[in-house]
Amino acid sequence: MPTEIHEAIVRFLFLALYGFVNAKKLGQVYFNGIRLRIRPRKVRLPDIIFLHKDHFHSRHNRVWDGADLVMEVVSEDPKDRKRDYEQKLLDYAEAKVAEYWIVDNERGLVLVHQLDGDRYVVHDEFKRGQQASSVLLEGFGIDVDELFAVADEVPE
């Protein structure tokens with residue numbers, strides 16, 4: 001089950017990405033709940049999902065058959081962390097998602113992965129004091145200090 005810290009980070013990311021995408025009329029952004037088909041009978045529910053308007057043919061009411069960018073906020077549980085860093089990395093690459101952000105509050109880190117063929121390569125690692133930037137969405141970035149400050153506001 002998501003924690004308040006997890007949801008605060010997801011909300012921050014969603015509002016930032018939604019504001020950017022909406023202002024430029026680039027496509028659709030949603031938070032947890034849109035199913036992304038990896039392959040038949042295998043779906044994922046990314047924390048944040050973006051689909052460019054040029055790819056709306058992949059968008060369906062019950063499940064999307066593609067996405068351009070997904071973001072996952074890493075949970076505290078070790079098995080959840082492993083899933084975000086390992087299994088979802090493989091799954092989203094299989095689904096041909098162009099960009100995958102792993103947002104890790106525990107490490108104070110944002111990892112931006114870029115699809116290269118059938119696997120991801122790390123575009124960059126961003127820490128506090130830096131601006132995390134997208135490869136796919138030129139001009140989109142997140143101040144990492146501001147991002148993780150929302151987690152600091154949640155009581156223990």
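Helices (H or I, at least four residues) and strands (E, at least two) are DSSP runs, numbered from the N terminus, and in these terms Ser-133 is found in strand S9, which spans residues 131-133. The model is a predicted one, in which local features need pLDDT of at least 70 and side-chain atom pairs count only at pLDDT 80 or more, whereas totals for chains, interfaces and linings use all residues. Residues are numbered from 1 along each chain as its sequence is written, and side-chain values use heavy atoms, with hydrogens and water left out.

Ser-133 counts as partly exposed, at 26% relative accessibility, and its C-alpha atom is separated by 22 Å from that of Ala-95, a residue 38 positions away along the chain. Glu-146, which lies in helix H3 (residues 144-152), is likewise partly exposed, with a relative accessible area of 47%. The C-alpha atoms of Glu-146 and Leu-26 are separated by 24 Å, and these two residues are 120 residues apart along the chain.

Grid points are joined across faces, edges and corners, and a volume is the space filled by probe spheres set on the points. The largest pocket holds about 520 Å³ of space. Its lining comprises 24 residues, of which Pro-2, His-6, Val-73, Ser-75 and Asp-80 are the closest to the pocket centre. At least two lining residues are supplied by each of helix H1 (4-24), strand S3 (42-44), strand S5 (69-73) and helix H2 (78-94), and H2 gives the most, with five residues. By class, the lining of the largest pocket has twelve charged, seven nonpolar and five polar residues, where Ala, Val, Leu, Ile, Met, Phe, Trp, Tyr, Cys and Pro count as nonpolar, Asp, Glu, Lys and Arg as charged, and the others, Gly among them, as polar.

Twelve salt bridges are present in the structure, a salt bridge being a side-chain nitrogen of Lys or Arg within 4 Å of a carboxyl oxygen of Asp or Glu. In one of them, the side chains of Arg-44 and Asp-91 meet at 2.8 Å, N to O; because Arg-44 lies in strand S3 and Asp-91 in helix H2, the pair ties together parts that are 47 residues apart in sequence. Both Arg-44 and Asp-91 are buried. A further salt bridge joins Lys-79 and Asp-80 (3.9 Å, N to O), in which Lys-79 counts as exposed at 57% relative accessibility, whereas Asp-80 counts as buried at 15%. Arg-81 forms a salt bridge with Asp-104, the closest N and O atoms being 2.6 Å apart, and this pair links distant parts of the chain, with Arg-81 in helix H2 and Asp-104 in strand S6, 23 residues apart. Arg-81 counts as buried at 15% relative accessibility, and Asp-104 is buried with a relative accessible area of 0%. Salt bridges that share partners also join Lys-42, Arg-44 and Asp-91 into one network.

In strand S4, His-52 is buried, with a relative accessible area of 19%, and a polar atom of the His-52 side chain lies 3.0 Å from the backbone nitrogen of Asp-54.

Key: Buried means under 20% relative accessible area, exposed over 50%, partly exposed in between (1.4 Å probe, protein chains only). On a 1 Å grid over the protein atoms alone, a cavity is a set of points where a 1.4 Å probe fits but cannot get out, and a pocket is an open set with protein on both sides within 12 Å along at least five of seven lines; lining residues have an atom within 4 Å of a point. A polar contact is a pair of N or O atoms within 3.5 Å; within protein, one must be able to donate a hydrogen and the other to accept it, and residues adjacent in sequence count only if both atoms are side-chain atoms.
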